[in-house]
Amino acid sequence: MKKKIGMAAAIMLLAGMLTACGKDKSYLSGIKASDYVTLGEYKGITVTAQEPSVDEAAIDSYIEYLLAMSAQKVEVTDRDIVENGDVVNIDYTGYRDGEAFDGGADTGADLTIGSGQFIPGFEEGLIGKKAGETVSLDLTFPEDYKNTEMAGAAVTFEVKINSISVMEPPELTDEFVQTLQIEECATVEEFRAYVTELFEEDALAAYNESIARDITQTVMANCIFKDPPKEMIDRYVTVLTDSMTAKATASNMNLNTYMQTYYMMDAESYMQVFREDAATMAKQFIMFQAISDAEGLNPSKEELSKAMEERVEAFNYTSLEEFQENVSEDQFYEYYMPDVVMDYLIENAVIQEKTE
């Protein structure tokens with residue numbers, strides 16, 4: 001079974017094209033949408049969605065995470081035994097066949113026990129030992145160790161435990177909130193309200209995305225399509241390839257390795273899926289344009305200019321002029337028009353609340 005790459009909201013990739021492609025010709029250049037789709041029912045579509053809500057426990061967990069990120073190292077004074085999770089300050093030297101080996105020694109190094117920073121057995125061997133104690137650890141480097149000269153080697157580490165510390169998060173106080181430098185957020189009460197609003201925005205966005213996805217799928221199922229123009233599909237294939245290549249690069253991989261690692265696909269397989277998804281994207285766009293034509297929703301030049309101005313910062317431009325220099329009106333139209341149509345479809349849909 002082919003593994004899908006998650007193109008349920010594929011049309012949203014149009015946003016990436018605004019920064020990736022520069023001033024390119026229109027996707028619908030020289031074609032009429034109604035020549036490629038016969039619209040079915042698209043008004044009064046019934047969808048079911050769970051009303052957005054915010055989990056107080058999730059808010060608490062997020063705040064605890066922020067506090068943990070600001071934790072400070074505090075030396076332990078009520079015990080001298082190393083425990084899992086402690087930060088130990090150590091001096092160590094590694095020996096192979098009785099000789100110290102390169103890269104196997106350090107002094108005053110902080111090590112969090114349980115972090116997996118050292119080879120197996122090193123951190124575990126310090127648990128239960130005392131501050132001030134020197135420990136001898138007989139260990140073996142993993143067979144697949146990145147330094148092939150040490151892979152599988154039997155070694156001995158002499159480790160002196162200088163001190164034991166723990167990472168302690170700060171208390172949630174007005175003073176801590178102020179260190180975050182969040183505008184108009186100076187107290188704990190204001191900070192919690194700020195975090196709650198963030199969660200509410202995320203919940204609402206997920207709710208709206210769910211509705212938009214279900215409406216799009218239903219409306220597409222009601223349509224009869226002809227094959228989109230090959231050039232249009234080819235361009236969407238390029239968008240998908242560029243998008244996945246960027247993700248691969250961010251993971252320090254090439255596209256082939258990334259797709260094999262995360263999707264178990266070779267080049268032939270993923271290019272076939274890209275092309276199938278590109279055809280879906282093209283059909284979606286043609287469908288939106290046909291509805292826009294039928295309902296007189298095509299935005300005017302003035303509306304496009306205003307919408308572009310509202311999105312200058314979102315697309316990482318410093319001014320409207322810079323945005324317009326890099327993105328043509330036609331290209332921005334192709335990003336903006338589906339939003340206008342989706343708003344219309346949602347306004348004319350029947351939204352039912354999903355029961356638990």
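Visitor: Okay, where does Ile-119 lie?
Guide: This is a predicted model, and in it Ile-119 lies in the loop that runs between β5 (99–112) and β6 (134–140).

Visitor: Is Ile-119 buried or exposed?
Guide: Ile-119 counts as buried, because its relative accessibility is 10% and the cut-off for buried is under 20%.

Visitor: And what is Ile-119 in contact with, leaving aside its neighbours within four places in sequence?
Guide: With those neighbours left out, Ile-119 is in contact with Leu-139, Thr-140, Phe-141, Pro-142, Tyr-145 and Phe-157.

Visitor: How far apart in space are Ile-119 and Ala-33?
Guide: From C-alpha to C-alpha, Ile-119 and Ala-33 are 61 Å apart in space, while in sequence they are 86 residues apart.

Visitor: Switching topic, what about Ala-68?
Guide: Ala-68 has its place in helix α2, which covers residues 56–69, and with a relative accessible area of 47% Ala-68 is partly exposed. Ala-68 and Glu-168 are 100 residues apart in sequence, yet their C-alpha atoms are 7.6 Å apart in space.

Visitor: Now the helices: at what angle do α4 and α10 pack?
Guide: Helix α4 (residues 188–221) and helix α10 (residues 329–347) pack at about 90°, with 10 Å between their axes, and α4 and α10 are therefore roughly perpendicular to each other.

Visitor: Which residues meet there?
Guide: From α4 come Ile-211, Ala-212, Ile-215 and Thr-216, and they meet Met-342, Leu-345 and Ile-346 of α10. Sorted by class, this contact of α4 with α10 has six nonpolar residues, one polar residue and no charged residues.

How values were computed. Residues numbered from 1 in each chain as written. Predicted model: local features only at pLDDT ≥ 70, side-chain atom pairs only at ≥ 80, totals over all residues. Heavy atoms only, no water. Helix = DSSP H or I, 4+ residues; strand = E, 2+ residues; numbered from the N terminus. Buried < 20%, exposed > 50% of the residue type's maximum accessible area, 1.4 Å probe, protein only. Contact = heavy atoms within 4.5 Å. Axes fitted to C-alpha atoms, helices over the stretch in contact; angles between N-to-C directions. Parallel < 35°, antiparallel > 145°, perpendicular 65-115°, else oblique. Nonpolar A, V, L, I, M, F, W, Y, C, P; charged D, E, K, R; others polar.
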